[in-house]
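Student: Could we go through this structure together, step by step, before I try to describe one on my own?
Tutor: Gladly; let us look at it first and then take the questions in turn.
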Amino acid sequence: MATNQPLRIGNAQGFWGDAPGAPARLVAQDPDMDCLTLDYLAEVSMSILAKQRDRDPSTGYARDFIGVVESLAPVWKSGRKLQLVTNAGGLNPRGCATACAQMLRDAGCHGIRIGIVGGDDVLQILRERPGLFPHLETGAPLSTVADSLVTANAYLGASPLVDAIRSGADILITGRVADPSLTVAPCIAHFNWPANDWPRIAGATIAGHLIECGTQVTGGISTSWMDLNASNIGYPIVEVFADGSCVVTKPAGTGGKVTEQTVKEQLLYEIGDPAHYLSPDATVSFLTLRVTDEGNDRVRVRGATGGPPPSKYKLSATYRAGFRASGLLTVFGRNAVAKARRCGELVLERLRLDGCEPRRSNVECLGAGDVAAGLFPAAGRDLIETVLRITVADSRREVVERFTREMTPLITNGPQGITGYGEGRPVVHEVFGYWPTLIDRNLVRAEVEIVEV
Amino acid sequence: MTKIRLGQIAYARSGDKGGGANVGVIAYTAAGFSFLRKTLTARKVEAFFQPLRPGNVIRYELANLWALNFILPAILDGGGSVSLRIDAQGKALGQAILEMPVEVMDDELADFAAAST
């Protein structure tokens with residue numbers, strides 16, 4: 001392959017819950033795609049997976065991914081070369097790979113190699129040495145929550161993924177890996193960049209950052225969303241070049257847009273100090289980037305600079321933090337907002353009188369500007385309707401349970417025009433706190449395994 | 001002087017970072033960016049978001065993108081599944097900041113506004 005040929009990397013899953021048909025659609029729309037990335041893990045996803053694994057030890061991964069494998073099986077069966085890189089493995093990459101292999105066998109695909117990357121689970125180390133892991137933002141000691149820890153996973157970098165690709169993996173299933181590393185790894189393997197080629201690795205990190213949230217770079221959640229045709233919105237493809245620059249694009253004939261604006265918006269998504277974007281593969285500066293709109297949904301991003309990554313891995317832990325429930329009712333009529341607020345007060349007062357006052361509570365009148373409560377005081381004036389949302393949280397499940405029974409009586413004892421109770425009582429959910437911290441790289445040992453279907 | 005909304009001269013994107021959030025504000029034009037760099041200070045953004053208790057707001061400049069990145073370290077009231085707010089992930093903060101009132105000179109507005117499409 002000529003060296004000026006880019007590596008084409010798509011993303012068709014920006015989070016767990018993204019469109020299930022997107023991966024097969026994107027692969028069909030872009031026959032030249034070399035690599036498809038699927039991102040399933042958000043910060044608190046691990047705690048949901050932990051609950052599943054408690055019930056059945058063979059689970060603990062994003063099971064939706066197995067359906068995606070089924071939808072892609074005809075692609076591999078046809079002999080097309082398509083690399084798949086995903087963090088769907090969650091807490092159990094090996095279990096995920098086993099289910100994936102079974103699905104491929106059932107579909108009649110053979111000779112496919114699945115790479116498994118694990119070793120990110122460091123829960124045992126946190127339990128044994130809590131003193132090493134203060135909260136990254138507040139500095140609080142881990143001992144305050146150590147007894148309620150549920151998961152702890154280090155964000156691995158591209159290196160073990162590169163090893164797996166070099167061992168011939170067609171499908172790569174990982175646990176917790178930094179999101180951009182899903183894109184950086186195939187680039188390093190393809191272009192044979194040295195591990196310390198920081199500017200190129202920084203460029204690939206930018207490319208990964210741009211596509212990791214799927215349609216967020218092709219017009220989704222754009223300020224100008226109303227000006228684009230979002231039906232059949234295209235998922236992103238990034239063409240990464242040997243020099244680490246890239247072009248963000250999407251398949252022809254799909255909805256959405258890739259413009260200077262959509263790319264700049266996504267560059268700024270969830271970043272901190274733009275001079276030091278920290279990933280396990282490089283420390284990246286956004287301050288040297290040049291973004292050029294070349295038209296026809298093609299935007300070039302070049303000029304990334306970078307240096308060595310931090311000496312520690314970022315780590316996310318989750319811990320049990322009590323219970324919560326949230327109930328919705330609609331109030332229609334004159335002075336709707338005042339009526340709804342009174343309803344909220346009444347429910348909390350009832351709980352207080354019965355000795356079941358929740359430790360935390362929040363009353364919101366949706367429609368009255370309460371999504372950004374206090375910023376737009378005039379927004380609730382003259383509303384004919386509002387949605388009342390009451391949310392409570394407490395370490396005692398029974399207190400939250402009690403709240404769910406005190407909300408529905410508003411249907412007969414509340415104001416005229418209260419309605420919309422078809423969903424029944426609110427549901428009690430467990431709350432998982434999020435504990436970001438750092439861990440020495442030498443305490444983490446990435447594991448790579450290859451299985452053949 | 002004319003009173004406008006920030007959204008007439010800039011676009012935005014917000015998202016969560018644990019219990020905090022970032023809000024990126026991107027000017028439509030180079031002149032608009034020079035203006036925002038001078039006037040849209042961290043203190044001004046902090047004051048605007050005060051009812052949501054944002055914490056000590058930090059501002060970073062990305063002149064190459066005509067952008068400012070604001071970190072609001074405490075604005076999500078715990079964030080994730082801990083926050084009791086409907087916008088626990090800070091998704092709406094970009095839309096909120098674009099409603100911020102801004103005063104510009106009458107003759108400046110044309111240089112700051114998005115080219116009409």
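Tutor: Let us begin with one helix and what lies over it: the buried residues of helix 6 of chain A are covered by elements that include strand 3 (83-86), strand 4 (113-118), strand 6 (171-174), helix 7 (181-191) and strand 19 (447-452) of chain A. Helices (H or I, at least four residues) and strands (E, at least two) are DSSP runs, numbered from the N terminus, and two residues are in contact if their C-beta atoms, placed from the backbone, lie within 7 Å. This is a predicted model, in which local features need pLDDT of at least 70 and side-chain atom pairs count only at pLDDT 80 or more, while totals for chains, interfaces and linings use all residues. Residues are numbered from 1 along each chain as its sequence is written, and chains are lettered from A and ligands numbered from 1 in the order in which they are written.

Student: Which residues of helix 6 of chain A are buried?
Tutor: A residue is buried if 20 or more other C-beta atoms, placed from the backbone, lie within 10 Å of its own, exposed if 12 or fewer, and partly exposed in between. By that count, the buried residues of helix 6, which spans residues 159-166 of chain A, are P160(A), L161(A), V162(A), A164(A) and I165(A).

Student: On which strands of the sheet does helix 6 of chain A pack?
Tutor: The sheet is an open one of 10 strands in the order 11-12-8-7-1-2-3-6-4-19 (chain A), with mixed pairing, where two strands pair if DSSP finds at least two bridges between them. Its edge strands, each pairing on one side only, are strand 11 (290-295) and strand 19 of chain A. The direction of helix 6 makes about 160° with that of strand 4 of chain A, the axes being lines fitted to C-alpha atoms, for helices over the stretch in contact, and the angles running from 0 to 180 degrees between N-to-C directions. The strands of chain A that helix 6 touches are strand 3, strand 4, strand 6 and strand 19.

Student: Do strand 3 and strand 6 of chain A run parallel or antiparallel?
Tutor: These two strands of chain A are joined by 3 bridges, and L84(A) stands opposite I171(A) in strand 6. Their direction is parallel.

Student: How many of the residues of strand 14 of chain A are buried?
Tutor: Strand 14 of chain A has antiparallel partners, among them strand 18 (residues 429-440), over 11 bridges, and strand 16 (residues 385-394), over 10 bridges. It also pairs with strand 5 (residues 149-154) through 5 bridges. Strand 14 is largely enclosed by the rest of the structure, because the number of its 21 residues that are buried is 15.

Student: Which residues have the most contacts inside the largest nonpolar core?
Tutor: A nonpolar core is a set of buried Ala, Val, Leu, Ile, Met, Phe, Trp, Tyr and Cys residues joined through C-beta atoms within 7 Å, and the largest one here has 173 residues. Strand 14 (residues 312-332) of chain A gives the largest share, 9 residues. At least three residues come from each of domain 1 (7-120 + 155-310) and domain 2 (321-435) of chain A, bounds that come from an automatic or database domain assignment. Those with the most contacts inside the core are L161(A), L172(A), A185(A), V248(A), V25(B) and I26(B).

Student: Which strand of chain B gives the most to the side that touches chain A?
Tutor: On this side, 32 residues of chain B are in contact with 42 residues of chain A. Two or more residues come from each of strand 2 (10-17), strand 3 (20-27), strand 4 (58-62) and strand 5 (67-72) of chain B. With 6 residues, the strand that gives the most is strand 2.

Student: Does H135(A) count as buried, exposed or partly exposed?
Tutor: H135(A) lies in the loop between helix 5 (123-128) and strand 5 of chain A. Leaving aside neighbours within four places in sequence, H135(A) is in contact with A140(A), W435(A), P436(A) and T437(A). Because H135(A) has 19 C-beta neighbours inside 10 Å, it counts as partly exposed.
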